[in-house]
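Please read it alongside the sequence and the model.

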Amino acid sequence: MNLVNSLENYWMPFTANRSFKANPRILVRAEGVYYWNDKGDRLLDSCSGLYTHAAGHCHPKVVEAVAAQVAELDYAMAFQMGHPGAFELASRVAMLTPGDLNSIFFVNSGSESVDTALKVAIHYHKARGEGQRTRLVGREKGYHGVNFGGTSLGGLVRNKESFGPGLPGIHHMRNTALPEHQFVRGQPETGAELADDLERIVQTYGPDTIAACIVEPIAGSGGVFVPPKGYLERLRAICDQHGIVLIFDEVICGFGRTGEAFGAQAFGVTPDIMTMAKAITNGTIPMGAVAIDDAIYATITGSAAPGAVELFHGYTYSGHPVACAAGIAALDVYRDEGLFERAKALSGPFLDKVYALQELDMVSNIRGYGLLAAIDMVPAEKPGQRGNDLLLKCYEAGMAVRVGGDTVNLAPALVAEEAQIEEMVSILRQTLLELG
Ligand SMILES: Cc1ncc(COP(=O)(O)O)c(C=O)c1O
């Protein structure tokens with residue numbers, strides 16, 4: 001590609017802008033599990049976009065659906081008007097969610113899905129006469145996007161330290177990692193009692209002040225922390241006991257990453273509200289959604305006067321027709337190509353290959369479940385330097401990787417072939433050897 005534009009004006013998200021602009025990495029095309037850059041090099045995509053492209057890039061069925069929709073109805077006023085695609089996609093999503101999570105509210109990103117879920121939880125308590133319940137509980141190392149609710153509840157210090165005090169009434173449980181979890185594959189046997197942190201917060205502030213507790217079933221961006229056996233069950237029981245709304249942030253776990261539709265089904269625990277985004281449209285058009293339990297929907301809508309708006313919340317692009325078309329096509333592909341089952345079958349071989357990296361001196365820990373894994377590297381002098389070096393070396397070697405600090409996250413597309421996973425891990429192995 002001929003770069004006629006200056007690189008100066010675009011302020012890139014979560015990017016070291018000055019070093020990037022000195023040494024840009026420009027992607028110009030994608031297909032399946034590959035990108036191509038402006039130099040014509042092919043790059044293996046080891047993170048399915050950003051955990052978005054479960055069915056691989058530019059899936060023809062999704063591309064076709066988007067093109068047809070944009071030519072037919074490019075937008076429908078989102079408030080007090082509807083269009084068929086939004087109702088159809090909501091029904092389709094509700095068919096995949098567990099329990100009674102049947103009301104689907106559309107948003108445009110994972111961050112918006114989180115802030116929407118928090119507002120719904122607080123509104124629910126108000127509607128049932130407990131308006132004093134406004135405290136919210138998250139977890140250390142959690143990532144819930146970058147809006148103010150999600151930033152406040154997230155537990156990654158760099159994402160919070162520059163943005164003031166955040167929302168009031170926020171509490172954090174400990175992360176679920178324990179020293180004995182070194183190189184544990186799948187769910188650790190120990191650590192269910194870490195859920196008792198929620199009980200401790202309840203006892204400190206009073207159960208009738210707490211609105212909701214939000215966790216990712218597997219903490220993804222923080223470094224793939226898989227819940228210990230019994231942990232999510234215990235959180236569920238504590239929430240039930242004290243009338244706290246349990247929210248699962250399924251933005252990464254959703255749509256097959258765990259081998260089931262959602263983390264909730266993989267771990268057998270049903271929350272009251274679930275957030276999702278990313279793979280809902282196979283990453284082709286920005287979209288997120290919140291799935292809400294029937295009882296919460298009924299309480300909120302039932303508390304409003306007949307004919308009145310029930311929830312003063314929504315986005316110009318909630319349920320955008322083109323996003324809905326992409327979503328319906330993506331769910332068709334997941335069903336028709338049996339991708340959730342495929343992810344389940346591929347998980348064993350994937351984790352075998354990833355865990356074989358533990359013999360390398362540079363690797364200090366590995367965590368993994370389904371088609372999601374994190375590899376911690378021994379840090380260099382400056383935290384994050386090793387991760388950055390790895391990213392640059394992998395790019396030169398023909399692979400796009402996602403690193404957070406000195407941890408590399410792997411999340412191959414659900415359509416990846418075993419040979420492609422083998423190639424991913426072997427590029428990573430070679431790079432780790434060169435680094436250490
Ligand atoms: C669990 C979780 N929640 C929320 C988000 C935020 O999503 P978005 O970047 O679409 O706003 C992410 C993004 O990675 C995520 O992993």
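Helices (H or I, at least four residues) and strands (E, at least two) are DSSP runs, numbered from the N terminus. Residues are numbered from 1 along each chain as its sequence is written. The model is predicted: local features need pLDDT of at least 70, side-chain atom pairs count only at pLDDT 80 or more, and totals for chains, interfaces and linings use all residues.

- Arg 29 lies in strand 1 (residues 27-31).
- A residue is buried if 20 or more other C-beta atoms lie within 10 Å of its own, exposed if 12 or fewer, and partly exposed in between, with C-beta atoms placed from the backbone.
- Arg 29 has 14 other C-beta atoms within 10 Å and is therefore partly exposed.
- Beyond residues up to four places away in sequence, Arg 29 touches Tyr 35 and Trp 36; two residues are in contact if their C-beta atoms, placed from the backbone, lie within 7 Å.
- From C-alpha to C-alpha, Arg 29 and Val 146 are 27 Å apart in space, and they are 117 residues apart in sequence.
- Phe 106 belongs to strand 4 (residues 101-107).
- Phe 106 counts as buried because 26 C-beta neighbours lie inside 10 Å.
- Setting aside neighbours within four places in sequence, Phe 106 is in contact with Ala 86, Met 287, Ala 289, Ser 318 and Gly 319.
- Phe 106 and Thr 204 are separated by 98 residues in sequence and by 35 Å in space, C-alpha to C-alpha.

**Ligand shell**

- The ligand is surrounded by 14 residues, each with its C-beta atom, placed from the backbone, within 6 Å of it.
- The closest are Ser 109, Gly 110, Ser 111, Gly 145 and Val 251.
- Helix 5 (residues 110-127) gives the largest share of the shell, three residues.
- By type, the shell has five nonpolar, seven polar and two charged residues; Ala, Val, Leu, Ile, Met, Phe, Trp, Tyr, Cys and Pro count as nonpolar, Asp, Glu, Lys and Arg as charged, and the others, Gly among them, as polar.

**Helix 13 and helix 14**

- The axes of helix 13 (residues 385-396) and helix 14 (residues 418-435) come within 10 Å and cross at roughly 125°.
- Axes are lines fitted to C-alpha atoms, for helices over the stretch in contact, and angles run from 0 to 180 degrees between N-to-C directions.
- The two helices are therefore oblique to each other; angles under 35 degrees count as roughly parallel, over 145 as roughly antiparallel, 65 to 115 as roughly perpendicular and the rest as oblique.
- Helix 13 contributes Arg 386, Asp 389, Leu 390, Lys 393 and Cys 394 to the contact, and helix 14 contributes Ile 427, Thr 431, Glu 434 and Leu 435.
- Four of these contact residues are nonpolar, one is polar and four are charged.
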